[in-house]
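Hi there,

Here is the structure I promised to pass on to you. Have a look at it first, and then read my notes below.

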Amino acid sequence: MQYYFAPLEGVTGSEFRRAHHRWFPGVDAYYMPFLSPTQDHVFTQRELRNVLPEHNQGFRAVPQLLTKNADDFLWCAGELAAMGYDEVNLNLGCPSGTVVAKGKGSGLLGAPEALDRMLDRIFSGSPVAVSLKTRLGLEDPEEFARLLEIFGRYPVSLLIVHPRVRKGFYRHPVRVEYFEQAVDAYHGPLCFNGGLVTAEDCARFARRFPQVDRVMIGQGLLADPALVQKAKGGPGAGREALRAFHDELYHTYLEIFASQRNTVFHMKELWSYLGRLFQGAEKPLKQIRKAADSPAYEAAVAQIFALPLRQDACWEGQ
Ligand SMILES: Cc1cc2nc3c(=O)[nH]c(=O)nc-3n(C[C@H](O)[C@H](O)[C@H](O)COP(=O)(O)O)c2cc1C
């Protein structure tokens, strides 16, 4: 089984990927949070920090694009090919209101004819392999059969299926029974994404779908950075590696943002997941949520790292 790290905008930027790979190697590819190419055809500094190959050395990283414009996609894919990337992923899943209102992300799924025309242009012109990350549909999972038919017409290098519709955001249960449709009806390379949070979840998936050899994990890997190592039969996260991973990320953010406030803000999102791996972390987690500068933050983090680690991250009450 190949294990891919899902793109998580605002969390898994290049600093995160480097620190994660150093302390918890074993992920087969990191899919990057989306870039939104505009008609100006220039990268922002923030985008370059995410995507430049020198910031992504030693592991496989795949850039993702969020656009409904084939010309902008092809411009960006050309730039990424020139940087040495051999795959670009198209985001057909983002559920955000503003993104969908502009017809991008999962908004594209609601206009299958336009999607088909866009894919036709992308696949005729792209200098690199194109993979797709999709939901089941915009409104209704019954849209999925038609979408699979469209995807099946193109040389998609990998179809990553997150089996929810747009309104499921990331909360509603994943509809694994619809993934079965893809396994039956779609004949290209396929990857499952959604709700895998323990090594046992991964093993159960592999038993149910022996013909699928790739899964993508997002939030489960934030909560337990060693999840892929465990799924591959290795040990769980040790306290030292977790601390080293945390410290590298924290100090890198302090340097980049030159702001305790911004750094702490970024670390809070990570702790909303990582806190699940520690027993009895409610009190220090509350302090982290309240922290606005480094001294308050560091004091709360020291308390968390003194707590016992769980075998698996705890997702109860979700
Ligand atoms: C904070 C956050 C940011 C996300 N950013 C992206 C993104 O940039 N591109 C994308 O395709 N999906 C994005 N996703 C969706 C995830 O990649 C993934 O599909 C989703 O979390 C379900 O997988 P999981 O249950 O393993 O986390 C994001 C999800 C979250 C929670």
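A backbone N or O atom of Gln219 lies 2.8 Å from an oxygen atom of the ligand, a polar contact in the sense of a pair of N or O atoms within 3.5 Å. Pro7 also comes in through a backbone N or O atom, at 2.7 Å from a ligand oxygen, while Asn193 uses a polar side-chain atom, 2.6 Å from an oxygen atom of the ligand. Taken alone the ligand exposes 610 Å², and the protein buries 91% of that (Shrake-Rupley areas, 1.4 Å probe).

Please keep in mind that this is a predicted model, where local features need pLDDT of at least 70, side-chain atom pairs count only at pLDDT 80 or more, and totals for chains, interfaces and linings use all residues. Residues are numbered from 1 along each chain as its sequence is written, and side-chain values use heavy atoms, without hydrogens and water.

Around the ligand there are 19 residues (each with a heavy atom within 4 Å of it). Eight of this shell are nonpolar, eight polar and three charged, with Gly counted as polar.

Where does the ligand sit? Its place is the largest pocket (more than half of its atoms lie within 2 Å of the pocket's grid points). A pocket here is an open set of points on a 1 Å grid over the protein atoms alone, where a 1.4 Å probe fits, with protein on both sides within 12 Å along at least five of seven lines. Its volume is about 1200 Å³, the space filled by probe spheres set on the points.

Best wishes

Conventions. Polar contact = N/O pair within 3.5 Å; in protein donor to acceptor, adjacent residues only side chain to side chain. 1 Å grid on protein atoms, 1.4 Å probe; cavity = no way out; pocket = protein on both sides within 12 Å on 5 of 7 lines; lining within 4 Å.
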